[in-house]
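This briefing goes through one protein chain, topic by topic. The sequence and structure come first, and the notes follow.

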Amino acid sequence: MNTQDRFANPKLDLVFKKIFGDANNSDLLISLLCAILKISPNSIKHIEIIDNEIVPDVLNKKFSRLDLLLQIENEYINIEIQVDNYGNYKERTLYYWSKVYSEQLGKGEDYNKLKDTIAINIIDFNLFDFKKSHSSFAIYESEEHIKLTNKLRIDFLELNKAKKYKTDIQLQEWLDFLNVSNEEELSMLEKTTTNPEIMKKAITVVRQMSADEKFLRDIQRRKETIINERSALNFAKNEGLTQGIEIGGKNKTIEIIKNMMANNIDIKTICLAINLTENEIEQLLEK
């Protein structure tokens with residue numbers, strides 16, 4: 001492995017979930033949440049990590065999601081870190097928010113049991129035209145600007161922007177931490193942090209991971225999966241664009257789908273590339 005391969009990059013979903021999904025690092029998770037949500041650590045009396053498991057097979061599985069689901073007080077929070085933009089990201093995060101929100105209720109349970117639900121998206125690409133790196137969305141009346149409910153909140157943290165356009169120091173240090181790509185940058189952050197107790201612990205955790213040969217192999221597998229996924233998606237998109245799905249009609253779309261399948265492009269990649277659901281593709285191929 002080269003030097004870069006021997007570094008546990010915190011923005012890789014596998015590493016992120018390993019850091020913040022470990023119960024021993026709940027202080028790091030609380031600090032990150034407080035920085036994003038602009039709340040005091042004292043306001044978090046209890047935190048429960050509902051989903052922090054990393055199933056070994058998921059390392060090699062295309063389009064697997066290594067998100068982190070947790071509950072604090074009367075809120076559900078889903079955190080996802082994503083390095084690639086596969087398109088329709090706003091719709092995707094709204095869909096996943098709705099899953100977390102709707103799955104809180106069992107059959108026949110009352111709606112008043114639904115808890116405030118927050119989706120936090122940490123992304124390594126630019127999604128919005130404005131410069132700030134942290135944006136927070138809710139539902140408001142279009143003219144009166146009155147918030148409909150506190151049940152929905154969706155936040156985005158754009159890591160690329162954080163390198164150039166700074167935010168408040170508490171959140172900025174976490175964004176800087178997630179943006180480190182080597183030991184030199186990690187050491188610089190260690191020297192300049194204004195929150196040494198928390199940040200130095202986070203840095204130590206990354207160094208421990210970077211020295212763990214087994215975990216480094218897992219990281220390499222995950223990176224290879226992401227690279228293969230990216231290549232497959234690019235192929236699918238290029239195939240769709242060059243053949244002209246929009247102007248080719250149903251027969252051309254079917255031809256493109258079959259061509260992608262012949263090139264071992266998996267069905268989920270095809271769905272993303274040509275903006276159809278699996279059911280719609282199945283219906284097309286049946287005709």
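In this predicted model, Asp84 counts as buried because its relative accessibility is 13%, under the 20% limit for that class. Asp84 belongs to the loop that runs between strand E3 (75-82) and helix H3.

**Asp84 and its contacts**

- Leaving aside residues up to four places away in sequence, Asp84 touches Phe125, Ile226 and Arg230.
- One of these partners, Phe125, is itself buried, as is Tyr89.

**Aromatic pairs**

- The chain holds eleven aromatic pairs.
- Among them is the pair of Tyr89 and Phe125, which is edge-to-face, with the ring centres 5.5 Å apart and 80° between the planes.
- Tyr89 is part of helix H3 (residues 89-102), while Phe125 sits in the loop between strand E4 (116-123) and strand E5 (134-137); the pair therefore ties together parts 36 residues apart in sequence.
- Tyr89 and Phe125 also belong to a cluster linked by ring pairs, together with Phe128, Phe130, Phe137 and Phe156.
- Phe130, a member of that cluster, has Lys132 over its face, at 5.7 Å from the ring centre.

**Packing of H1 and H5**

- Two packed helices are described by the angle between their axes and by the distance between those axes.
- For helix H1 (residues 13-20) and helix H5 (residues 169-179), the angle is about 130° and the axes are 12 Å apart.
- On the H1 side the contact involves Phe16, Ile19 and Phe20, and on the H5 side Trp174, Phe177 and Leu178.
- The residues of this contact comprise six nonpolar ones, with no polar and no charged residues.

**The chain as a whole**

- The chain has 287 residues, of which 45% count as buried.
- Its secondary structure consists of eleven helices and six strands.
- Of the contacts between residues at least 6 apart in sequence, 64% join residues at least 24 apart.
- The pair of Tyr89 and Phe125 is an example of parts tied together across the sequence, at 36 residues apart.

Note on methods: Residues are numbered from 1 along each chain as its sequence is written. This is a predicted model: local features need pLDDT of at least 70, side-chain atom pairs count only at pLDDT 80 or more; totals for chains, interfaces and linings use all residues. Side-chain values use heavy atoms; hydrogens and water are left out. Axes are lines fitted to C-alpha atoms, for helices over the stretch in contact, and angles run from 0 to 180 degrees between N-to-C directions. Helices (H or I, at least four residues) and strands (E, at least two) are DSSP runs, numbered from the N terminus. Contact means heavy atoms within 4.5 Å. Ala, Val, Leu, Ile, Met, Phe, Trp, Tyr, Cys and Pro count as nonpolar, Asp, Glu, Lys and Arg as charged, and the others, Gly among them, as polar. Rings of Phe, Tyr and Trp (its six-membered ring) pair if their centres lie within 6.5 Å; planes under 30 degrees apart count as stacked, over 60 as edge-to-face and the rest as tilted. Buried means under 20% relative accessible area, exposed over 50%, partly exposed in between (1.4 Å probe, protein chains only). A charge sits over a ring if NZ of Lys or CZ of Arg is within 6 Å of the ring centre and within 35 degrees of the ring normal.
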